Amino acid sequence: MSLPKQDAAFLSTSWTEGVLLKRDVFSTVERGRLRTASGEINAVLRRLDQVPWWSHLVARHLFERERKALTLARDLGVGPKLLWSGRSALVRDFIDGVALHLARPHGDLSYFRSAKAALRKLHRAGICHNDLAKEQNWLRGNEGNAYLTDFQLAACFKRRSRLFRIAAYEDLRHLLKHKRTYAPDALTPRERKLLERKSVIARIWLMTGKKVYQAITRGLFSFTDREGGGRRLVNDAPVLVARIRENPAVRDAAIVAFADRRSGVGLYAFVEADLPELEARLHSTLAAANEPKPPEHIQVVSRLPRGAGGKVRTEILQLIAMNQIDLIEPLITSPEDREFFRDILGSRKNLRDRFNFESTDRALPS
């Protein structure tokens, strides 16, 4: 399937391809640059031309919902602005920040105050997001504020009907679930009560609709969305990590996912060891095992970055794998991390989908 002529003509003259962020059966999303009258700006493109025929009707429905919601929310300052839309593609501006599951704002009360204010603005405009259980749909901007993204399931209401109030309630309840994860001590007694009380529709959905949805998306569509990693991250990565760790030269390993233009989802293995030549050996070992498919990239590093509790900081490894290098700086918390990332960036493997964003040069200042 190809883009309509008008869409293709606009993108060929105004869009510069960049980093692929996500590709599934509902759309392709990539980050790049949009040429405007005042110069080029960082932006995000969603397009439907690579969607399979059997999911096109659903993809078209989701696309139209997002376009309508972004149009209404254009001036609210709580999500990306709609910069252009065609029949099968749209461009929204790029928010300089990272998703909640990467930012991990533990104890950051100002972030959750900002998130609540953003949700209030959205609801006042008659928009309910309807997909805020996913941490990927909450962003933490570099200035610390909360933003929402991915409005494919959003609903727009002309009046505050009962259905609107229920949807808005569920939006808030999902925000509070994230607050419970990252700032549990800051929950008020009223917020704790809200968390315990699911709406009737939510209870019915959990008992019936969610099971049907999962059967369709995970069965018929083979679609699993764990932090954007799909089935390979959920099913294959643990097996591959275990096999890599069997090598006596390996101290530890971590695997993250990245969007791949050819296969949809690729895997990138970071291996803690002292032998750079180990990469070829591990490729051979994993390929000989036949299944699951080996990671597209294996990189040996002298040490893996870890947080205070010793847990590997996969959030930053994922940004490296995705070539979103300019987003790493706010996540660095120590001089040791800074030194590690300087070493690892120059030898990273996923260079086929690299893009020189303007802010990349200042990503890791001394």
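1. Strands β2 and β3 are joined by a hairpin, and the link has 2 residues. These two strands pair in the antiparallel sense over 9 bridges. Please keep in mind while you look around that this is a predicted model.

2. β1 (residues 15-23) runs antiparallel to β2, with 6 bridges between them.

3. In β2, Thr-28 stands opposite Arg-23, and its bridge partner in β3 is Arg-47. Is strand β2 mostly covered or mostly uncovered? Mostly covered: of the 9 residues in β2 (28-36), 7 are buried.

4. Next, some charged pairs. Side chains of opposite charge can pair when their charged atoms come close. The whole structure holds 25 salt bridges, and a few of them are worth a visit.

5. Begin with Arg-173 and Glu-170, whose closest N and O atoms are 2.7 Å apart in a salt bridge. Both residues sit in helix α5, 3 residues apart, which is about one turn of the helix. Are they buried or exposed? Buried means under 20% relative accessible area. Arg-173 has 6% relative accessibility, so it counts as buried. Glu-170, at 10%, therefore counts as buried as well.

6. Another pair links two helices. Lys-179 and Glu-191 form a salt bridge with an N to O distance of 3.0 Å. Because Lys-179 belongs to α5 and Glu-191 to α6 (residues 189-196), this pair ties together parts that are 12 residues apart in sequence. Both Lys-179 and Glu-191 are buried.

7. For a contrast in setting, find Lys-293 and Glu-296, a salt bridge with its closest N and O atoms 3.2 Å apart. Lys-293 is partly exposed, with a relative accessible area of 45%, and Glu-296 is partly exposed at 23%. Elsewhere, salt bridges that share partners join Arg-245, Arg-251, Asp-252, Glu-272, Asp-274 and Arg-306 into one network.

8. Finally, turn to the surface. Which residues gather there in a patch of positive charge? They are Arg-120, Arg-124, Arg-159, Arg-160, Arg-162 and Arg-165. Helices α4 (109-124) and α5 (162-182) each supply at least two residues of this patch. Arg-159 is found in the loop between β10 (155-156) and α5. With 62% relative accessibility, Arg-159 counts as exposed, because exposed means over 50%.

Definitions and conventions:
Residues numbered from 1 in each chain as written. Predicted model: local features only at pLDDT ≥ 70, side-chain atom pairs only at ≥ 80, totals over all residues. Heavy atoms only, no water. Patch = residues over 30% accessible without salt bridge, like charges linked within 9 Å, V, L, I, M, F, W, Y side chains within 5 Å. Areas by Shrake-Rupley, 256 points an atom, 1.4 Å probe, with all protein chains shown as cover. Salt bridge = Lys/Arg side-chain N within 4 Å of Asp/Glu carboxyl O. Lys, Arg positive; Asp, Glu negative; His and termini not counted. Charge placed at Lys NZ, Arg CZ, Asp CG, Glu CD. Helix = DSSP H or I, 4+ residues; strand = E, 2+ residues; numbered from the N terminus. Buried < 20%, exposed > 50% of the residue type's maximum accessible area, 1.4 Å probe, protein only. Pairing = 2+ DSSP bridges.
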